[in-house]
Amino acid sequence: MSRHPASDYPAVRLKAGREKPVRQRHPWIFSGAIAAIPAKAADGAIVDVCDAHGAFLARGYLNRRSQIQVRLLTWDADEPIDAAFWRRRLQAALDLRAALPEVRGCTALRLVNAENDFLPGLTVDRLGDYLVLQAGTLAIDQRKQELATLLLELTGCQGVVERSDMAVRKLEGLSAQSGVLAGAPPPERVEVVEDGLVFAVDLLHGQKTGFYSDQRANRRRVAAYCAGKRVLNAFSYTGAFALHALRSGATHVTNLDSSLDALMLAEANLRCNGFDPDRQAENIVGDVFQVLRDWDAAGVADFDVIILDPPKFAQNQSAVERALRGYKEINRLALRLLRPGGVLATFSCSGLVSADLFQKVVFGAAVDANRATQVLETLRQSADHPVALTFPEGEYLKGLIVRIAA
Ligand code: SAH
C-alpha cells in the first residue's frame, strides 16, 4: 500500500514498529515515535501520518513545540480537513448532546469534549445562550475564530467567549487568552438552569468555563442522601451541590471555599432559588485543609453528609505523590468530622490518579481516621463529558459515596 495519491498534505513518517497505537485510533503521537517531519509543514498545519514504509495511517495537526507533536483528526485518507470537516464534527458532538437523557432541561452542558468528541484540543461549554470555548492546542488556537463562527451558526447562541487560560497551553507554546470571540458579549451574569435550579455564572471571570457541569449527575446522586441532614459542601465553588442538597430536604448546608467571589455567587444562588442564606446555609471563606483541621482539633463532628470536590491536585506526574497526600488528608479529616452513620461524597478530578488508586487513598484515610467504612456508590463524570474508548486519558473525574458505620 502506498500513500493516498490524492493527498496534498505533507507526510510525517513514524519510526518502524510505532504504528500500533495509531492504527488503534489513539489520537496522540509523541515526538519519540516520529522519524521525520517535513520542513515545509508549519506548526498548526494539517499533516498525514505514514508508517515507516510510507503507507497512510491517519491525518491530524502538527506542533513541533509540544511533546504531542501530532494530534489525529481522521483515519480516512479520503477525508480532507476543510470547513466541511469541522462542521461535521461539531454537528456530531451537538447531536450527541441533543440525544442525551441526562442533560434534558439543563442549560449548562459540555458540547465538545476535545479528544473524546474526536476534536482534539477543543472544549466548548454551553451556558444559557452563550458558549465558552477553550483552545488547548496551537492548531485549534489558529482556527478558533472560524470555529466560533461555525458554533454560533450551528447552535443559534448569542455569543462565544474564549477562556483559554489553562496551564496545558504552556506545553503548546501558548499564553493565556480570554475575551469575546464571536457574537454578542455576555452580560456580567448569565443564568443557567440545572434540574430546575437557577445558577448565576460569570463567564469571563469564573473558574474554568464558569460552571462545573461534569458534576451534574453526581449532584443528583449525592442530593438523594441529604434529606433531613446537615451537609458540609467543601470546595463548594458557587454552591451547586448545596442547592441540590437543600432542594432534596437538607436541613442546613455549609459552603466552604477559598474564593470569596465564588461564595458571593453561592449566596446569590441560594437567594434566587428561594432558600434563606441565614437560616438554611452558611458560607465560609477558608482553606479546607485548615478549617477541617481546626474543627477536628476542636472536637466538632457535626455533619451527616460531607462533600469533598477539590480542584485538580495532580497537574503532572511529578505532582502525583503530593496530590495523594493531599487527598488522603482531607478525606481523613472529613471521615473524622462525620457523625456515626454519616456519608462522605468524595471526588478527584486528577486524570493522573486512577479510580483504583483514589479508592486506595480513601481506604488509607479511613484506616488513619479509625472509621469502619463501606462504599455505597462509585461515581464518574457526567455523560456530556464522554470518554472515547480509544482515549482512556479522557476519564478524569471519579468519586465514591462512602458511609461510616453507625
Ligand atoms: N463543587 C463545585 C466545584 C468545585 S471546583 C461545583 O459543583 O460547582 C473547586 C473549588 O475549590 C474552587 O471553587 C476553588 O476556589 C476551591 N479551592 C481550591 N483550593 C481550595 C482550598 N485549599 N480550600 C478551599 N477551597 C479551595
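Modeller: A disulfide is taken here as a pair of cysteine sulfur atoms within 2.5 Å. This is a predicted model, in which local features need pLDDT of at least 70 and side-chain atom pairs count only at pLDDT 80 or more, whereas totals for chains, interfaces and linings use all residues. Residues are numbered from 1 along each chain as its sequence is written, and side-chain values use heavy atoms, with hydrogens and water left out.

Colleague: How many disulfides does the structure hold?

Modeller: The sulfur of Cys106 lies 15 Å from the closest cysteine sulfur, in Cys157, which is too far for a bond. Cys272 is in no disulfide either, since the nearest cysteine sulfur, that of Cys106, is 16 Å away. The number of disulfides in the structure is zero.

Colleague: Is Cys106 buried or exposed?

Modeller: Buried means under 20% relative accessible area, exposed means over 50%, and partly exposed lies in between (1.4 Å probe, protein chains only). Cys272, at 44% relative accessibility, counts as partly exposed. Cys106 has a relative accessible area of 9%, so Cys106 is buried.

Colleague: What is the radius of gyration of the chain?

Modeller: The radius is taken over C-alpha atoms, and the globule rule is 2.2 Å times the number of residues to the power 0.38. Along its principal axes, the C-alpha trace spans about 70 × 45 × 35 Å. For 406 residues the rule puts a compact globule near 22 Å, and the chain agrees with this at 23 Å.

Colleague: What distance separates the centres of domain 1 and domain 3?

Modeller: The domain bounds come from an automatic or database domain assignment. That assignment gives domain 1 (11–74), domain 2 (83–190) and domain 3 (212–404). Taken over C-alpha atoms, the centres of domain 1 and domain 3 are separated by 40 Å.

Colleague: Which strands stand at the edges of the open sheet of five strands?

Modeller: Helices (H or I, at least four residues) and strands (E, at least two) are DSSP runs numbered from the N terminus, and two strands pair if DSSP finds at least two bridges between them. The open sheet has mixed pairing and the order β7-β8-β9-β10-β11. Two of its strands have a single partner strand each, so one side of each is left without a neighbour in the sheet: β7 (108–113) and β11 (177–183).

Colleague: What angle does the direction of helix α2 make with that of β7?

Modeller: Axes are lines fitted to C-alpha atoms, for helices over the stretch in contact (heavy atoms within 4.5 Å), and angles run from 0 to 180 degrees between N-to-C directions. Helix α2 (residues 83–98) packs on the sheet and touches β7 and β8. Its direction makes an angle with that of β7 of about 145°.

Colleague: Which residue stands opposite Leu109 in β8?

Modeller: β7 and β8 pair in the antiparallel sense over five bridges. Within this pairing, Val112 stands opposite Val124. The residue of β8 opposite Leu109 is Arg126.

Colleague: Which residue in β9 is the bridge partner of Leu122?

Modeller: Strand β8 (residues 122–127) runs antiparallel to strand β9 (residues 130–135), and six bridges join them. Asp125 has Val132 as its bridge partner in β9. For Leu122, the bridge partner is Ala135.

Colleague: Which residue takes a positive phi in the hairpin of β8 and β9?

Modeller: Five of the six residues of β8 are buried. The hairpin has two residues between the strands. The positive phi, near 60°, belongs to Gly128.
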